[in-house]
Amino acid sequence: MYRVLISDKLGDDAVRILEGRNIEVTFDPAIGKDPARLMEVIGDFDGLAIRSATKVTADVISKAKNLKVVGRAGIGVDNIDIPAATASGIAVMNTPFGNSVTTAEHAIAMMFALARQIPQANESTQAGKWEKSRFMGLELYGKTLGLIGCGNIGSIVADRARGLRMKVVAFDPYLTPERAVELGVESVDLETLLKRADVITLHTPLTDGTRNILNDEALAKTKKGVRIVNCARGGLVDEDALYAALESGQVGGAALDVFATEPATEHKLFGRDDVVCTPHLGASTNEAQENVAIQIAEQIADYLLVGAVSNALNMASVTAEEAPRLKPYISLAEHLGTLAGQVIKGPLTGFEINLAGKVCDLNAAPMTAAALAGVMREQLEGVNLVNAEAVAEERGVKITQSTTHSSAHFDSTISLTVKTAEDERTYVGALFGGEPRLVRVGDIRLEGSFSKNMLLLRNNDKPGFIGALGNILSDAGINIATFHLGRGGADGTAIALVATDEPVSDEVVKKILTLPQALSAYALHF
Ligand SMILES: NC(=O)c1ccc[n+]([C@@H]2O[C@H](COP(=O)([O-])OP(=O)(O)OC[C@H]3O[C@@H](n4cnc5c(N)ncnc54)[C@H](O)[C@@H]3O)[C@@H](O)[C@H]2O)c1
Ligand SMILES: O=C(O)CC[C@@H](O)C(=O)O
């Protein structure tokens, strides 16, 4: 039974869904705030579901010996060390849409709070003051909203702002002209946005390209009195620069849901009349939390139980519908890779995979990853579908994928060619009744299934070899389970694929190689 830890506050639906799918759940939001405890317990779990409090650091990952998936109920994954997770073969998923509407609404609410000073007016009124003349607001109708980042949340903010009859300009290097037209926004460069916006709202991830995107220099280019809203990530706005710009009046007000350091319990921007703050509440509605809890629980369960991959940040997607169809082909690809990995000597330099026939209709990425993982696992520990491509790329392996829509003798075949500095080998496999079979080695056709202990032999196709081989194996107490022959190599050679009940030792392999017809012999395990 798989075990999942929920280490942050998450909607109850997550527990119900996971348990309903026969997964054991530990729900303890205190663990997310206690890194030492997280390190202590994480080794017991196959899955981890989090929000933003739990920090999945490289240290945590190093202790997560059974962990297969980290699911972030939300969007931002800056609390997860994704390269470390990938290196350990752990899938990282998020729920990119579940809280978008709620967060966009928070940004709009923050814009209104700033424009009409609602928090300050509320506090003053409830304190018994009636300061009607103190709170002169800004009408948003006809004003220009500058969106920095126009993805899921930015687009919804644009839509709501247009409903308020604001003009929307957007800076987003990835916004296509067609999408801008569809959204009714004007796509502009950052300089233009800074110059024209009455209110600027940020909706980008925090990356090297966006960190401090509103710094001293940028704020100096804005309209005097501009309002700034940040419901995306702390660190997008340089907080010292913002403080100075508020002091000088260059910025007329700021509404911040996020901070460079969180939780932000003390801050130089606190206590100002021109600043409105919330404690990272963007996603905090029952609706959004229910959405993300349900989505992440289903994604984690689908991944662990079915092999389906949705919204993963470090591997290709596989739908729950295609996962069962892909499964036997993934197994075939992995068997071919495992075979190849046991035969090659020295580091892998090139890897080619060709899908032929009906298999071309399926998602190729998991098959490529499985075959690569199979090859490399023989040389490196801990390679799996999640990290195979990254590990191969790191080692400079040239990966080539191709498809051929017809397959000569089979419904579908997977062909794998592996290259090292000295060698190049090709293995082709197909499915028989859903089971993986080897159907070609180099240019020699054969038809053999994979089993736990095997011998792969190449010999000159001359009399006496099979009898002598049988004698060596029987002298070593090894029983032959199945024997498949392939003949007709261009160089007059034959291939034998022999399944044995017992493993074949190196010593026995050496004896086989003393036979005059023997060209190569490999003891394989699957
Ligand atoms: N406050 C909260 O509680 C809360 C809730 C949800 C999401 N968020 C945050 O909101 C942000 C946006 O989320 P989203 O779902 O819209 O993400 P998204 O990926 O859909 O959109 C981000 C957009 O930023 C754009 N972008 C990237 N680099 C840019 C750059 N240098 N300049 C301008 N634009 C750039 C991208 O092209 C993309 O369109 C994320 O940081 C997310 O973590 C915060
Ligand atoms: O879980 C939260 O409350 C924060 C969510 C938000 O920052 C996100 O990135 O989805």
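**Close-up views of a predicted model**

**View 1. How the protein chain splits into domains.** In this predicted model, the domain assignment of the protein chain gives four pieces: domain 1 (3–96 + 287–306), domain 2 (100–277), domain 3 (319–442) and domain 4 (451–526). Note that domain 1 is written as two segments, 3–96 and 287–306.

**View 2. The shell around ligand 1.** Zooming in on ligand 1, we find 30 residues around it, and G76, G149, G151, Y174 and G282 are the ones that come nearest. Two elements, α6 (100–116) and α8 (152–163), each give two or more residues to this shell.

View 3. Domain 1 (3–96 + 287–306) and domain 2 (100–277) both take part here, each giving at least three residues to the shell around ligand 1. Sorted by class, the shell holds 14 polar, 13 nonpolar and three charged residues.

**View 4. Where domain 1 touches domain 3.** The C-alpha centres of these two domains lie 30 Å apart. Eight residues of domain 1 are in contact with eight residues of domain 3. On the domain 1 side, α5 (82–87) and α13 (286–306) supply at least two residues each. That side is made up of four nonpolar, three polar and one charged residues.

**View 5. The annotated span 325–441.** An unreviewed UniProt entry labels residues 325–441 as "domain: D-3-phosphoglycerate dehydrogenase ASB". Within the model, this span is 34% helix and 36% strand, and its end C-alpha atoms lie 25 Å apart.

Definitions and conventions:
Residues numbered from 1 in each chain as written. Chains lettered and ligands numbered in written order. Predicted model: local features only at pLDDT ≥ 70, side-chain atom pairs only at ≥ 80, totals over all residues. Near = placed C-beta within 6 Å. Helix = DSSP H or I, 4+ residues; strand = E, 2+ residues; numbered from the N terminus. Nonpolar A, V, L, I, M, F, W, Y, C, P; charged D, E, K, R; others polar. Domains from an automatic or database assignment. UniProt positions renumbered as here; feature names shortened; annotations may be inferred. Contact = placed C-beta atoms within 7 Å.
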